[in-house]
Amino acid sequence: MAPYYIADSDLPKFLSWLEKRGDVYVTTKDDEGRVRIRPYSEAGQFTWPGVRSYQPLKPFFFSMLEEVAEYPSRESSFKESKPFAIVGASACDVRAVEALDRVFLEGDFKDPFYEERRKKSLIVSADCTDPLETCFCVLVGVKPHAEKGFDLNLSKVQGGYVVEVGSDKGKEVTAANTGLFRPAGEQHLAERQATRQKTLKLVEQQSREFAPPKPWQELLAKAYDDNTWAKNVETCVECGACLFICPTCQCFLLYDEKARDRYKRLKMWDACAYKRFAQVAGGANPRKHLVERFKHRYYHKLDYFPKNYGFEGCTGCGRCIVACPGKIDMRKVLKEVCR
Amino acid sequence: MPVAGDIYKPILSEILEVIEESPAIKTFVLRPSEEIPFEAGQFMEVTVPGLGEAPFTPSSNPKVTETLEFTIMRAGKVTGVLHTMKKGDMVGVRGPMGKGYPLDTYKGKEILIVGGGVGLAPLRSLFLALTNRLDDFKKILFCYGSKTSQDIIYKSLILDQWQKLNPSKIEFRLSVDVGDPAWKGNVGVVTTVVKDLGLDMANSVAVVCGPPIMMKFATLKLVELGFPDNVIYLSMEKNMSCGIGKCGHCMLDEYMVCRDGPVLTYDKIKGKPAIWD
């Protein structure tokens, strides 16, 4: 489908139209210049993000804490959700949603809570133009602009945006607003191409020193017993911040509690860094030591996940680097253990 | 498994009977409020209301669908409370989940079963499933070990009834780690009876279930005896929480044990770190 163009002045009209269809969340910037995703009704306007938001998209689909069952009861905890749109998602976060889709929607059992919210979501991504120093998407097969996985994608150009349609849902919402979208012109596409090239180069340049000489899986196959893992884990305080902030971390636990005459089952985020995460009742624990749990994250993202789904479970968003109180930088760790 | 939105909701089940198997092991006979068909080796999550779930493989015959039996050792929080529950109490059951024993691929073969301790629970379900269609298999050699003769579970079955089923086709070898005057059988860990098998190795499969240390040494013994890695079926015990391949707790490298197992062949996990922990 040929890309569209929407003028700066027409975008608010489109967002207002989206608001009639459901909730709308847009990127804004906080006092410290960080990109935040907030309800459009509060933010008042969409701000060009330039880079991934501070928080990932994960909580929109996979709640930090939610009730998934009550018993004994005929009632279901499953509830239909309202349609919603997220405008300004980064390419790496679009990739993260693709990763979570595979986990929660594939196989014999789908997670109905995740599925419902994914069905009701409209993801409008935005090309990165101002990568952070911690961005390394290009090292894990992601580009600073999304090529798939979005419903609509925005690229900032003079006077407006080039709008790429990536799904039937995207087609529907543009078709309902033909007055706002017109075919993108040659000069718009050329400008998009130039900006994308510039950003890509920037991320490539800052990632060069960490670039793997061979595919990650090949390198990690030989790195498990490397003696520098222990040194790299020294500043880890097992807080789990890297995992909770991670856009693809999927782990959760089921927790039951009493609620008057019945019981509720809650599903809440969990973290594989915690000592008893994999322990069984008899006491056996496959990852007793912190260094084993530390390695598990790297291997899950760059070896186990690709073995299951064919692409990296890390998107290179760099949030774990920013979140770590121990200043652990995934790029540096990988460079050292895979040297 | 309930459909649509109720994937995490347990099916209420009444405890019909509690059988004491050994000082630390009890069998719970349950009647679920709806039938839960399963295959031998698949597992279910049993809920103690308000406390939480723990994963167990049923020990009953998969042919029987109105009731389910779970043989459970007192080990942690959930099993601790389960052991205080009585006839008439209600628990929850969610499942079945995972992949069981691929019995169709065992057709025409000789089957070696090696069990230890409470690991006999899933093996009982397997054994009953095998006897449901005994003509399909050439031979069953069942080796079972427990700490002492007191710790043997299903005594009336394994010491008596099962031995009389079809002695020409089904052989039992029992062992206890520590002997006592009344025990006339073998004394030693179960691997001491896993020898001189008299099996046609080219046409055999082996099934192992028991505590981690026993699984490890039994597997090494089977490899030493010439069993190819891909016919050694191991019941892996991991922390299965969601049971549906999502929550990450039971990961064994790239495998979600709940989704890809709990029965896995040795070739898949050989050499991976900490498989026996």
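The questions and answers below concern a predicted model with chains A and B.

Q: In what order do the seven strands of the open sheet in chain B stand?
A: The sheet is open, and its pairing is mixed. Strands of a sheet pair through backbone hydrogen bonds, either parallel or antiparallel. In chain B the seven strands stand in the order 10-9-8-7-11-12-15.

Q: Which strands of chain B stand at the edges of this sheet?
A: A strand at the edge has a single partner strand, so one side of it is left without a neighbour in the sheet. In chain B this applies to strand 10 (186-187) and strand 15 (263-265).

Q: Which residue of strand 8 of chain B is the bridge partner of B:Gly115?
A: Strand 7 (residues 110-116) and strand 8 (residues 139-146) of chain B run parallel and are joined by seven bridges. Within strand 8 of chain B, the partner of B:Gly115 is B:Tyr144.

Q: At about what angle does helix 2 of chain B run to strand 7 of chain B?
A: Helix 2 (residues 120-132) of chain B lies across strand 7, strand 8, strand 11 (204-209) and strand 12 (232-235) of chain B. Its angle to strand 7 of chain B is about 155°.

Q: Across which strands does helix 3 of chain B lie?
A: Helix 3 (residues 155-165) of chain B runs at about 160° to strand 9 (170-176) of chain B. The strands that helix 3 of chain B lies across are strand 8 and strand 9 of chain B.

Q: Is B:Tyr154 buried or exposed?
A: B:Tyr154 sits in the loop between strand 8 and helix 3 of chain B. Although B:Tyr154 is not a glycine, its phi is positive, at about 50°. A residue is buried if 20 or more other C-beta atoms lie within 10 Å of its own. For B:Tyr154 there are 23 such atoms, so the residue is buried.

Q: Where in chain A is A:Glu238, which has a positive phi although it is not a glycine?
A: Most residues other than glycine have a negative phi, and most peptide bonds are trans. The phi of A:Glu238 is about 60°, and this residue is partly exposed, with 14 other C-beta atoms within 10 Å. Its place is the loop between helix 9 (228-232) and helix 10 (241-244) of chain A.

Q: Why is strand 6 of chain B largely enclosed by the rest of the structure?
A: Strand 6 of chain B runs antiparallel to strand 1 (residues 11-22) of chain B, with four bridges between them, and B:Glu14 stands opposite B:Met90. Strand 3 (residues 43-48) of chain B is likewise antiparallel to strand 6 of chain B and joined to it by four bridges, with B:Thr47 paired to B:Gly92. Strand 6 of chain B is largely enclosed because, of its eight residues, those that are buried number seven.

Q: What is the omega of the cis peptide bond that joins B:Gly95 and B:Pro96?
A: B:Pro96 belongs to strand 6 (residues 90-97) of chain B. The bond between B:Gly95 and B:Pro96 is cis, and its omega is about 0°.

Q: Where is B:Pro262, which a cis peptide bond joins to B:Gly261?
A: The omega of the bond between B:Gly261 and B:Pro262 is about 5°. B:Pro262 lies in the loop between helix 5 (257-260) and strand 15 of chain B.

Q: Which element supplies the largest share of the side of chain B that touches chain A?
A: The contact takes 36 residues from chain B and 39 residues from chain A. The residues on the side of chain B divide into 15 nonpolar, eleven polar and ten charged. The largest share, three residues, comes from strand 4 (residues 52-56) of chain B.

Q: Which element supplies the largest share of the side of domain 1 of chain A that touches domain 2 of chain A?
A: Chain A is assigned domain 1 (4-206) and domain 2 (216-337). In their contact, 32 residues of domain 1 of chain A meet 25 residues of domain 2 of chain A. The domain 1 side divides into 21 nonpolar, three polar and eight charged residues. Its largest share, eight residues, comes from helix 4 of chain A.

Methods: Residues are numbered from 1 along each chain as its sequence is written. Chains are lettered from A and ligands numbered from 1 in the order in which they are written. This is a predicted model: local features need pLDDT of at least 70, side-chain atom pairs count only at pLDDT 80 or more; totals for chains, interfaces and linings use all residues. Two strands pair if DSSP finds at least two bridges between them. Helices (H or I, at least four residues) and strands (E, at least two) are DSSP runs, numbered from the N terminus. Two residues are in contact if their C-beta atoms, placed from the backbone, lie within 7 Å. Axes are lines fitted to C-alpha atoms, for helices over the stretch in contact, and angles run from 0 to 180 degrees between N-to-C directions. Ala, Val, Leu, Ile, Met, Phe, Trp, Tyr, Cys and Pro count as nonpolar, Asp, Glu, Lys and Arg as charged, and the others, Gly among them, as polar. A residue is buried if 20 or more other C-beta atoms lie within 10 Å of its own, exposed if 12 or fewer, and partly exposed in between; C-beta atoms are placed from the backbone. Domain bounds come from an automatic or database domain assignment.
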